[in-house]
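Subject: Structure handover

Hello,

Here is the structure I said I would pass on. My notes on it follow below.

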Amino acid sequence: MIKLIKQNLPIALVLLIFIGSLEGCQSKVESTKLTYSIDDKLMEYCGFEGEKGFSGVIAIARPGKDIYYYSNGFADKDQEILNESSTIFDIGSITKQFTAAAIVHLESEGKLSTLDSLHSFFPNVPLDKRDITIHQLLTHKSGFTWRIGTDFENVSDEFFLNRAFGSQLVSIPGEGFNYSHLGY
C-alpha cells in the first residue's frame, strides 16, 4: 500500500478511506474475488442489514488497471433507486482534507508554496485580497466569508471567482479564524 501511495497520490487519497478494511483486496485481480473480499470486510465492520448497513459506492483504482466500482444500498430509499457508479453524493467538507493533502504534496514537489499569495495565481485579484496566502486559505484565516451562493449552485469558474473576489472580507487576512468553504 505504501508503494501505491508514493506512485499515485490522488488514487491513494481515495483509497485511504478504506485502507484498513480493504488491505487484503489489493492483491486480488479478479473482480469476483474482489467483490467477495469487499463483501466480507463490509459485513465484518458494519453489516448489510438495518440502518448501520453500508450504503454507497466504492471506487478502487490501481495504476494501469480498470477502475472497479462496488455499490450497495439506495441513493433514494423512498423511490427505491439503487446506488450505482454514477450516483452523486453530498460528502460535506471531507474534500477539505484531500485538498490540503494535495497542496502539501505540490509544495513538497516544489510546484508551489503555502506562502504564495492569491496574486501569484490571479494577477487581477482585488487589492484587499492580493496578499491572502494559501496557508491562510487552508487554515481559515483568509478573511473570506464562510460561503457565497448555495452548495448545489452550478456556476462557471469565472462566475465563482468574480463573486469570490467581489465579496466583502469579514476580517483582515491572517487576523482571525473564520471557517470558510469559499477559501477552499
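Which residue forms a salt bridge with Glu109? The partner is Lys111, and the closest N and O atoms of the pair are 3.2 Å apart. Please keep in mind throughout that this is a predicted model.

Overall layout

The protein chain has 184 residues, and 29% of them count as buried. Its secondary structure consists of eight helices and four strands. Read from the N terminus, the order of elements is α-α-α-α-β-β-β-β-α-α-α-α. The accessible surface of the chain is about 12200 Å², and carbon and sulfur atoms account for 55% of that area. Of the contacts between residues at least 6 apart in sequence, 50% join residues at least 24 apart.

Salt bridges

The count of salt bridges is three. In the pair from the opening question, Glu109 is partly exposed at 43% relative accessibility, while Lys111 is exposed at 59%.

Another salt bridge joins the side chains of Lys129 and Asp128, with 3.0 Å from N to O. Are these two residues buried or exposed? Lys129 has a relative accessibility of 1% and counts as buried. Asp128 has a relative accessible area of 41%, so this residue counts as partly exposed.

There is also a salt bridge between Arg163 and Glu153, whose closest N and O atoms are 3.0 Å apart. Arg163 is in helix 8 (residues 157-166), whereas Glu153 sits in the loop between helix 7 (134-138) and helix 8, so the pair ties together parts that are 10 residues apart in sequence. Both ends are partly exposed: Arg163 has a relative accessible area of 27%, and Glu153 has a relative accessibility of 33%.

The loop between helix 7 and helix 8

Two further residues of this loop are worth a note. Ser142 is found in the loop between helix 7 and helix 8, and at 1% relative accessibility this serine counts as buried. What lies 3.1 Å from a polar atom of the Ser142 side chain? That position is taken by the backbone nitrogen of Phe144. Apart from neighbours within four places in sequence, Ser142 is in contact with Ile132, Gln136, Leu137, Leu169 and Pro173.

His140 belongs to the loop between helix 7 and helix 8 as well. With a relative accessible area of 9%, His140 is buried.

After helix 8

Ser167 is placed in the segment that follows helix 8. At 12% relative accessibility, Ser167 counts as buried. Which residues does Ser167 touch, once neighbours within four places in sequence are set aside? The contacts are Lys129, Phe144, Ile148 and Leu182. Two of these names have come up above: Lys129 is the buried residue that forms a salt bridge with Asp128, and Phe144 is the residue whose backbone nitrogen lies 3.1 Å from a polar side-chain atom of Ser142.

Positive phi angles

Most residues other than glycine have a negative phi. Glu80 has a positive phi of about 55° although it is not a glycine. Glu80 lies in the loop between strand 3 (74-76) and strand 4, and at 62% relative accessibility this glutamate counts as exposed. His140 is not a glycine either, and its phi is positive at about 60°. Glu80 is thus exposed, whereas His140 is buried.

Which residues make up the nonpolar surface patch of about 260 Å²? The patch is made by Phe89, Ile91 and Ile94. Ile91 is located in the loop between strand 4 (81-82) and helix 5 (95-108). Its relative accessible area is 49%, so Ile91 counts as partly exposed.

Regards

Methods
Residues are numbered from 1 along each chain as its sequence is written. This is a predicted model: local features need pLDDT of at least 70, side-chain atom pairs count only at pLDDT 80 or more; totals for chains, interfaces and linings use all residues. Side-chain values use heavy atoms; hydrogens and water are left out. A salt bridge is a side-chain nitrogen of Lys or Arg within 4 Å of a carboxyl oxygen of Asp or Glu. Buried means under 20% relative accessible area, exposed over 50%, partly exposed in between (1.4 Å probe, protein chains only). Helices (H or I, at least four residues) and strands (E, at least two) are DSSP runs, numbered from the N terminus. A polar contact is a pair of N or O atoms within 3.5 Å; within protein, one must be able to donate a hydrogen and the other to accept it, and residues adjacent in sequence count only if both atoms are side-chain atoms. Contact means heavy atoms within 4.5 Å. Patches are made of residues with over 30% relative accessible area and no salt bridge: like charges are joined within 9 Å, nonpolar side chains (Val, Leu, Ile, Met, Phe, Trp, Tyr) within 5 Å. Accessible areas come from the Shrake-Rupley method with a 1.4 Å probe; for residues, only the protein chains shown count as cover.
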